[in-house]
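Here are a few notes from my pass through the model. Have the viewer open as you read.

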Amino acid sequence: MNRRRFIGQLTSLSLAGLTSGCKYWPEQGIVNPCLDELPEALARHPLLHSIWDGLDVTQVWDSHVHLVGGNPHNGTWFSPAMDSLWHPFLSMQKAFYTNAACVKDATPAFDELFVARIRHLLAVMPNGYKALLFAFDWYHDEQGRIHRERSIFHIPNQYAARVAHAFPANFEWAASIHPYREDSVEALHAAVRDGARAVKWLPSAQGIDPSSARCDRFYASLATLDIPIICHAGLEIAVQGGHQEYGNPLRLRRAMDHGVRVVVAHCASDGSDQDTDQGPHGPSIRSYALFARMMDEPRYEKLLYGDISALTQLNRNWALKEVLQRRDWHPRLLNGSDYPLPGIMPLFSASDLANLGLLDPQIVPVLNEIRAHNSMLFDFASKRLLRLDQTKFPNSVFETRRFFERKGA
């Protein structure tokens, strides 16, 4: 895709308001400038030093990082629809993602450059900081059969593991295994032997109903192995799928009732779902409210967690005040960046967080300058600097490594 077509698509998308949360012309424009090294003055800024105060960096993992690729030699795959003029929304989404990652999608070395960019962004982090890379399984039907035509992208477990093993100072990895697969349990054991720390699901896009009895065999193995699921809940826009109802947080009860630890991505902070606790015809309420209800149930105290990835996004930051105020939840929250999304310029605004009373307005220019060079560092710094009165996210939210260490492993 040439630069003129790319910029045209991004501009059209912004003006049309198709990007979730894009309510005004973005303060940092449409296109990620993808600047290189932090200027020395910025790298030495006291603000950047302050974000590491009190942290045990050897415990700090970014627990929500996407791998993207399209190289048949690696098994990575993008849907052809994302390059088709007949699917303009998907095409524009891909343009956003590739620009966010500062990689040209037409290059044969896309996969390698995508990983190299992440490593470049991580180079400014102290030693010990790691990113948890996500694999992503195909869409499967109820018989466990793959449907490529209903999939948007695919990242094999073997590829995610290979990248993590190649750069152990930078990466850990999470498998993605569809529970309806005939070989799901065998694939889980193989992934764990290869170092997988978790299983990543996006139910609406992968055709997974977490409340289905088809998942029970897989849940039993997850519980035995003490492997958590990181599962999207609520409305899903970034990866399209035909089963939005599968993202209802209440459908995850079945996993927890089997003893599986579940991390609800983004704290289900976007969209609405049916309140099935009130019966099959229950009202539609905010997905976040359903997540919050389960967080407050004593039986799930050691099973249900939330990740704060993308909570600083324009369409989700309304939930930040509520999550910050829930100090009783803080020990059960995990930080993640949802990379490459922080590099999508219209989706985030430090000024908007300041207007909500969550950031000091004086630090907004510094954060914006950081973002132009390093979207991962911007995301981390923004969350470390959030304040609501005297409340901030404690160190434990960022020291996520312990959560992924299996009991008895």
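1. Two strands pair if DSSP finds at least two bridges between them. Strands (E, at least two residues) and helices (H or I, at least four) are DSSP runs, numbered from the N terminus. With that in hand, look at β8 (residues 262-265) and β11: they pair in the parallel sense over three bridges, and Val262 stands opposite Leu304 in β11.

2. A word on the source: this is a predicted model, where local features need pLDDT of at least 70, side-chain atom pairs count only at pLDDT 80 or more, and totals for chains, interfaces and linings use all residues. Residues are numbered from 1 along each chain as its sequence is written, and side-chain values use heavy atoms, with hydrogens and water left out.

3. Back to β11 (residues 304-307). Leu304 and Gly306 point one way, Tyr305 and Asp307 the other, and all are buried (under 20% relative accessible area with a 1.4 Å probe, protein chains only; exposed is over 50%, partly exposed in between). In a regular strand the side chains alternate between the two faces of the sheet.

4. What does β11 join by two bridges? That is β12 (residues 333-334), and the two run parallel. Here Asp307 stands opposite Leu334 in β12.

5. Now the charges over rings (NZ of Lys or CZ of Arg within 6 Å of the ring centre and within 35 degrees of the ring normal). Arg286 lies over the face of Trp318, at 3.7 Å from the ring centre. The charged end of Arg371 sits over the ring of Phe378, 5.1 Å from its centre.
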